[in-house]
Amino acid sequence: MAAPRRRLLWVVFTCWALRLRVAVCSERGEDEGRPGGHGDGGSCGCSTGRASGGEAAAQKYSLEANVPPQPNDGLGSAQSKDEGRQMASIPAGVFTMGTDEPAIRQDGEWPARRVHIHHFYMDRYEVSNAEYEKFVNATGYLTEAERFGDSFVFEGMLSEQVKSGIHQAVAVAPWWLPVKGANWRHPEGPDSDISNRMDHPVLHVSWNDAVAFCTWAGKRLPTEAEWEYSCRGGLENRLFPWGNKLHPGGQHYVNIWQGEFPRNNTGEDGYKGTAPVAAFPPNGYGLYNIVGNAWEWTSDWWDVHHSSDETYNPKGPPKGTDRVKKGGSYMCHKSYCYRYRCAARSQNTPDSSASNLGFRCAADTLPDYLK
């Protein structure tokens, strides 16, 4: 009788401890952040320029702070070992970063320079709504868009009812509208949801939100050099992850805008909004949707001045005001946003959370729970 009684007491104690931890996480989520003001619109996205102490979230929502160690499964029910196959092993190597033929000179795509990269791991897929939901359920985390109470959404994705209540727009990009109640759970405002898009990339995530997720998962955001090296998939001096032709053999390899921007998206690639994270063929390193679909945050601060000297594992300037994002989005079109190329780049403030901002994580070594 003694052994069953000890097991029962252990179960009761464990349940009590987990309940207490969830309550603490919920209080943290409610206390984090306060609404701020809007800033200027960025290219292919929006910079919202809001007050934030978001980098501290990395520790608050770390693996150690939120998930108690468990035998043989470091994240318990939050993630499974099967997901180890979702990280690609990226070999060490040297590649040509940037280009000497920049399409958008003001973005600092040039000069071309030789960069050495160490071996690391990269998520095969953009973080999906389903994966982000696991993180939120485990930690009680609130994204910055949820705390601020609104986020920017492309006008063409909104219902007439939602648009009728909006009387502002981004001056330099009037198709971007501030929508109350827009966040990762409600990408097009309060009358939308993600119930049929759980395998699509999570949207409306700021740089701080992305860092919090990756930290919780025992990972990190990739550097811009790592991202671009991964994007190229082993190819040298090519525009796209698969080569120089946008539609080789008449096939679509990326989810971007077709038609006349911003009036008409024909959806010829099969999607007028986001696509599932596993849509379209992967590149040479096994990465899906590394361009198009959703912008992807990197860890680097924004800078447009680069040395042509050969470098090793660069991490960008030590400080700045904006962060580098890569890959373009489902709203990019060559007529105004030719940034769905590996060398292309753009900028956003770390607390931006528009409806085309997503991410994937990287790691120096495969997290133990994925081995």
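**Exercises on a predicted model**

The protein has an accessible surface of about 16,500 Å², and 53% of this belongs to carbon and sulfur atoms (Shrake-Rupley method, 1.4 Å probe). The model is predicted: local features need pLDDT of at least 70, side-chain atom pairs count only at pLDDT 80 or more, and totals for chains, interfaces and linings use all residues. Residues are numbered from 1 along each chain as its sequence is written, and side-chain values use heavy atoms, with hydrogens and water left out.

**Exercise 1.** Determine how the axes of helix 4 and helix 7 cross, and which residues meet.

*Solution.* Step 4: E131, Y132, K134, F135, A138 and T139 of helix 4 meet D209, A212, F213 and W216 of helix 7 (contact: heavy atoms within 4.5 Å). Step 5: these residues divide into six nonpolar, one polar and three charged.

**Exercise 2.** Find which strands stand at the edges of the open sheet of four strands.

*Solution.* Step 1: the order is 12-11-9-13, with mixed pairing (a pair needs at least two DSSP bridges). Step 2: strand 12 (346–348) and strand 13 (357–358) each have a single partner strand, so one side of each lacks a neighbour in the sheet. Step 3: strand 9 (residues 295–301) and strand 11 (residues 323–326) run antiparallel, joined by three bridges. Step 4: E296 has K326 in strand 11 as its bridge partner.

Methods:
Axes are lines fitted to C-alpha atoms, for helices over the stretch in contact, and angles run from 0 to 180 degrees between N-to-C directions. Helices (H or I, at least four residues) and strands (E, at least two) are DSSP runs, numbered from the N terminus. Ala, Val, Leu, Ile, Met, Phe, Trp, Tyr, Cys and Pro count as nonpolar, Asp, Glu, Lys and Arg as charged, and the others, Gly among them, as polar.
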